[in-house]
Structures are given as structure tokens and as C-alpha cells.
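Subject: A structure for you to look at

Hi there,

Here is the structure I promised to pass on to you. Have a look around it first, and then read on for what turned up.

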Amino acid sequence: MKLKLNYSRENIGKPILSDIILRTGIPINILEAKIEPNTGEMLIDVPTEGERLKEFSSLLQRAGVTVKEITRTIEIDRGKCITCGACVSPCPVKALAQDENWDIIFYEEKCIGCGICVYTCPVNAIRML
Amino acid sequence: MSKRGAEELRTYEEINQKIKSGDAIVMTADDFIKTVEDSGLKRAAKEVDVVTTGTFGAMCSSGAFINFGHSEPPIKMFKCWLNDVPAYKGLAAVDCYLGATAMSETKGFDYGGGHVIEDLVSGKEIELRAEAYGTDCYPRRSIETTVTIDDLNQAMLLNPRNAYERYNAATNGTDRIIHTYMGTLLPHYGNVTYSGSGQLSPLYKDRGFEIIGIGTRIFLGGGIGCVIGEGTQHSPQNQFGTIMVRGDLKQMNNRYLRGATYYKYGTTLYVGIGIPIPIINEKVAASAALKDEEIFTDILDYGVPSRSRPSVKRASYSELRSGRVEINGREITSSSLSSNKVAKEIATNLKGWIEEGAFFLNRPAELVPDHGEFKPLELRRKEPRVRDIMTRELVVGKPTDDIKSVARILIAKGVDHLPIADGEGKLMGIITSWDLAKAVAQDKRQLHEIMTMKVVTAKEDEAIDTVVRRMEQHNISGVPVVDHSNRILGMLTVNDISKKLIRRP
Ligand code: SF4
Ligand code: SF4
């Protein structure tokens, strides 16, 4: 499951995430991080589900971090797609690729729902779910 | 050396004879390359009669001539719109030219001339609106109706520049995402986009322009069209040859003609083109056998908003098509904008047509020139540059200046931006009046505690529009002007620009 974390000014310098990783033993993957003087935003992939995921989120919340589950993903209308490839290289996490016939492959588990491919597609074949 | 277009291995008549009897050997360029690898160029050239090519990409210089027929009472249309997209009406009463990049007056970027052409070809109903001033012979002043392609007398695709031999690839060296006619480009050389079908590219397969010329019959948008001559900006000496083409929209098919939108750039038309290459001599065969590995193009930095964009790297189509390009030791994802799949499909379809005897080759009336001029537009009237309108009387701060006293000076002088310099006048940072107000509230003391160190700047000789665009992108209202050693020369603010430019006649 992918989580979007928002840090406020108060907790930005603290090692909250590393504490929780050590405590739960869940190895996370940081997909995107934007730290500004007053706020921090991070997109992480937590490779777990159910109770363990709940525990992970609630530890973050208790430390004052806002947590949002990212379930957004995209859908490609194959009838409209002209297999141009315009959406492929701009995808920041390589969730889109082309097979040997140049048809588009979508790796849903990698997608972070950023929406870049949606507006990039010249024939409007991708929509956000 | 033999003359361009010399029919040494076979004549057009001989090829057509073989097509008629079903004996012509036709191959796509992909297969011809393999044949040459297996049996050598000489033998392959002897055996193969025709090599087919294909490309399917965004071609902005495209459009259609349309004749609506006369209404009762008749109208001399002065302005006209198809689905709210304006068409060019500087022609006779009911003729117009609809360009692919014209945009809908109601839907903007989402719908344009390219989309209208696709909708026409798909048989959809199109809203036609026209206005006129009324004459003795054409009394009607307006029209509002719908048309389909079957209602039109002529619907002729006529594209002034198509099928570039190859095209530049694109990347972006700036620190922000940009949206261009080369698609979305991520910051810090985050990706590479390219266009053109490489070893299937129709014009690259006739590099010497031995067979393409006025009248050459081609696959166009799913129908049969022809080459009218060289295209605009034709520059074959730089491997940027182009062609002008025409074809009947009524024969075409929306799989090979698609309206498209490039985000924050505009609308265009994806056009499918395939050219049959008759192997009339060995030079033609050698060109038709060129492989992706041998076709190179420059990857340009589209982050530089100038007509002379720097080349980051020269790459082959084989590297570009592999999906990964190495730039400065890093592996960057690359992807195309034109469809490699549809390009291949076009070459295969064209091969099919010839084998079935549904398509014959023809000798052009005149070959496309193998040389062309491609000059930039030099501007004759003097345009203001940054140096002409920047403010030179400057308030410049030092990093150790006291925030409160600086705030007082800025208010007294009514300035919003304070560049901060070191002892030699070199730019170190910038502060806005907003930063100062915040700092006073937070009880900060010296400028260096609050200054922004990553400063967006301008150079003295830059065009105003370039700097305005930069300010828009960074959402700022002023930039320090610096020389090549980063010494501050002045400030340019949105205020300066509006004050000076509004006075223009
Ligand atoms: S939404 Fe973003 S992450 Fe998901 S496929 Fe599109 S570009 Fe990639
Ligand atoms: S950009 Fe759109 S049309 Fe092109 S490959 Fe991606 S989904 Fe298909």
C-alpha cells in the first residue's frame, strides 16, 4: 500500500519514520519526498497489508504525521490508444513501458497516481480512476 | 556517378508489369534490412523490387481544403467555423482551409482542427457556422447547419510539411517539468522523447531523393495520396528533408489520421504515411537498407527556450528505440511520440496493397530537390531587450544587513525586491518585501538568515518575452540582471515591463 505523509513544522526534523521502521521491522520504500522549510510531504510504499499496515499508520499518526492511503490509479482505453509511447518516459516511477510490439504495459503496483500520463496522452486515452 | 533517379536495376514499367502479374518482390524496410544482412546488398538489390516504409506521428503542418457547396440563397463566407474551430476563409465563397493546429474557440486546447479532420473521416456530424457581409450576388449573411463528409464536394487533405526524414530528440536540463511539442519532459534530464520511425522512415529510406518527387503515389491516412513536392523547411543536406502531400479524406480512415493535443502546447494531427521505394539502382538499395544503428539524431535541451537549443548528445534511433539512453553517465528512459507500431503496420499494409495489385508505382514528374534553404527569421525592427528596460538605480543589500533597517529602506523607496551581493557586487541571494514582513514577525535579525539563495536571474541581452515566461514559470515578479560573472547589473520587474511596454504605439 502507498501512503502519503504530511509532516508539519514541529515534527519535520525528527527521525519518526526510522523509529517506526525499526519498531515494526517493515522495510519501506520512499517514492517521493519534498521537504520545505515549514512542511514535508513524502510518498512511501509500505509492503504490507491488514493489521500490520494499520499499526504502521497509527504509529505515524500518533507522532503527528498526517497519513493518507493512495489508492488512485489509472486506466488505459486500448481502443483509443495509438501506441505512441508519449506517456512512457514521463512516468516518474516507470509504471508504464512498451512490449516488443510497442503495446503499452501498465504496472499498476508501481503507479503513484501522479497524473502525468493522463495529461500527457495526446489522444486522451488515459483516465484517472 | 549516375544521374539522380537513374533506373539501372529496373524501370517503373518493369515493376508495374511484375505487380500486374503478381510476381513483384515487395518487402517492408525491416525485412529488407534482414535480407541485405543475409545475402548482401548487391544480391538483395537484384532480387527485391519494392521496399515499403511507414511513419505515424504528429504533423502540425497539416490541414484540409473543404468545399461546402452553395446554399440557397448563396453565401460568400467571410468567416467560418467547424465545431467552433475557425477555418481560413481568404478563398472563394464556399472554400476553406482547416488547419490542424487551429483551436476551438470554446474548448481551446482540448479540440482543434486535427480533431475536426478525424471526426469528418469518422463520418461524424460537424457543426458548420459561417458569417458574411452580403453582396448582390451572395445575399446570405449567415449559416448554421451540420455537415458530414458525404455532404462535402471536396475534402482534401493537403499538408505543407510532413514526414520529416528524422527529427531531433528532446530532453530537459532545467529544474522543472516542461510541456512542449515533444511531450512532457521531466526536470534534470529525467527523460528523453523522440519522433520518427528510424529505419522505417519514408524519407530516410530515399536519402538521396532518387525516387520521391512530384506525383509519387503514397499511402496517406489509410487511402492513396501523392507527393506534391518538397515540404516547407525541406533541408535534405541536414537530413531534415520533408514533403508536401495531398489525398482525398473520403478514402481515409481514422486509424491513420488522429486529432491530438499536446498538453499546454496545442492541437495537432497524427498522420500515417507510407512510401514505396522502388529499388531502381544500388544507391536507392543502400539507402533503403539503412538500419536504426546508422540513423543518428541530436538530443536537444528543450529547457532552453531559444531556436538554437544545445545538443546534449548524438544518439542513434537504435539507442532511442531501446528505451534507455545514456546521458552524462546516467541511464535515462526514452520513449517515442510517433507510433512505432502503427508505422510498421502502414509499411505492412502498403506491401499488401502492392502484392494484391491494388497499388502501382509511378515515376515522379520531377524529383524533390536534394538541397533546400532553411534560414532563421531575422528581426529587422529593434525589439527592447532586458538592458533597455531594466532598473539600474539599485538598492542592494549585504548578507549582514539588519532586517528592520532594510525593511524601512524598502518601504521608503517602494521596492519589492532586494538583491543581496557580496563585497565584489556578485549576487548571493534575494529577498522580497513579503520575506521581510514574515522575518520581522518571526524576529529574525540579519538578511542572510532569510534570503533565497537559488535566484532566478536574467541576462542583459535576453528578449523580454523569454524572461517574462521564466518569471511566470517560477511564479515571481522580478529578477536580478547579472553579467557572466554573476555581478549584479540591475533589476527587471513586472512593473518595469508593463510601464515601458504599454507606451508602445
Ligand atoms: S499516474 Fe503517474 S505514476 Fe501512474 S502511470 Fe501515470 S505517470 Fe506513472
Ligand atoms: S500516450 Fe496515450 S496513446 Fe500514447 S501510448 Fe500512452 S496511452 Fe497510448
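To start with the place where the chains meet: how many residues of chain B are in contact with chain A, and with how many residues of chain A? In this predicted model, 27 residues of chain B touch 20 residues of chain A.

The interface of the two chains

The size of an interface is often given as the accessible area lost when the parts come together. Between chain B and chain A, about 1900 Å² is buried, and carbon and sulfur atoms give 55% of that area. Three residues, B:Arg258, B:Thr333 and B:Lys341, supply 26% of what chain B buries against chain A, more than any other three residues.

On the side of chain B that touches chain A, the elements giving two or more residues are β16 (191-194), β20 (257-262), β26 (330-336) and α7 of chain B. The largest share, five residues, comes from β20(B). By type, the residues on this side are eleven nonpolar, 13 polar and three charged.

In soluble globular proteins, nonpolar side chains tend to be buried together. Here the largest nonpolar core has 115 residues, and B:Phe32, B:Phe68 and B:Leu249 touch the most other members. Helix α7(B) gives the largest share of this core, seven residues. Apart from this core lies another, of 17 residues, including A:Leu3 and A:Val65.

B:Phe32 is also one of the buried residues of helix α2 (residues 29-39) of chain B, along with others such as B:Ile33 and B:Val36. Among the elements that cover the buried residues of α2(B) are β1 (26-28), α3 (41-47) and α7 (340-355) of chain B. Just after α2(B), B:Gly40 has a positive phi of about 85°.

A buried aspartate

Is B:Asp401 buried or exposed? B:Asp401 counts as buried because its relative accessibility is 19%, and the cut-off for buried is under 20%. B:Asp401 sits in the loop between α8 (386-389) and α9 (403-413) of chain B. Its side chain reaches the backbone nitrogen of B:Lys398 at 2.9 Å. Leaving aside neighbours within four places in sequence, B:Asp401 is in contact with B:Val406, B:Arg445, B:Gln446 and B:Leu447.

Enjoy exploring!

Best wishes

Terms used
Residues are numbered from 1 along each chain as its sequence is written. Chains are lettered from A and ligands numbered from 1 in the order in which they are written. This is a predicted model: local features need pLDDT of at least 70, side-chain atom pairs count only at pLDDT 80 or more; totals for chains, interfaces and linings use all residues. Side-chain values use heavy atoms; hydrogens and water are left out. Helices (H or I, at least four residues) and strands (E, at least two) are DSSP runs, numbered from the N terminus. Buried means under 20% relative accessible area, exposed over 50%, partly exposed in between (1.4 Å probe, protein chains only). A polar contact is a pair of N or O atoms within 3.5 Å; within protein, one must be able to donate a hydrogen and the other to accept it, and residues adjacent in sequence count only if both atoms are side-chain atoms. Contact means heavy atoms within 4.5 Å. A nonpolar core is a set of buried Ala, Val, Leu, Ile, Met, Phe, Trp, Tyr and Cys residues joined through side-chain atoms within 4.5 Å. Buried area is the accessible area (1.4 Å probe) that two parts lose on being put together, summed over both. Ala, Val, Leu, Ile, Met, Phe, Trp, Tyr, Cys and Pro count as nonpolar, Asp, Glu, Lys and Arg as charged, and the others, Gly among them, as polar.
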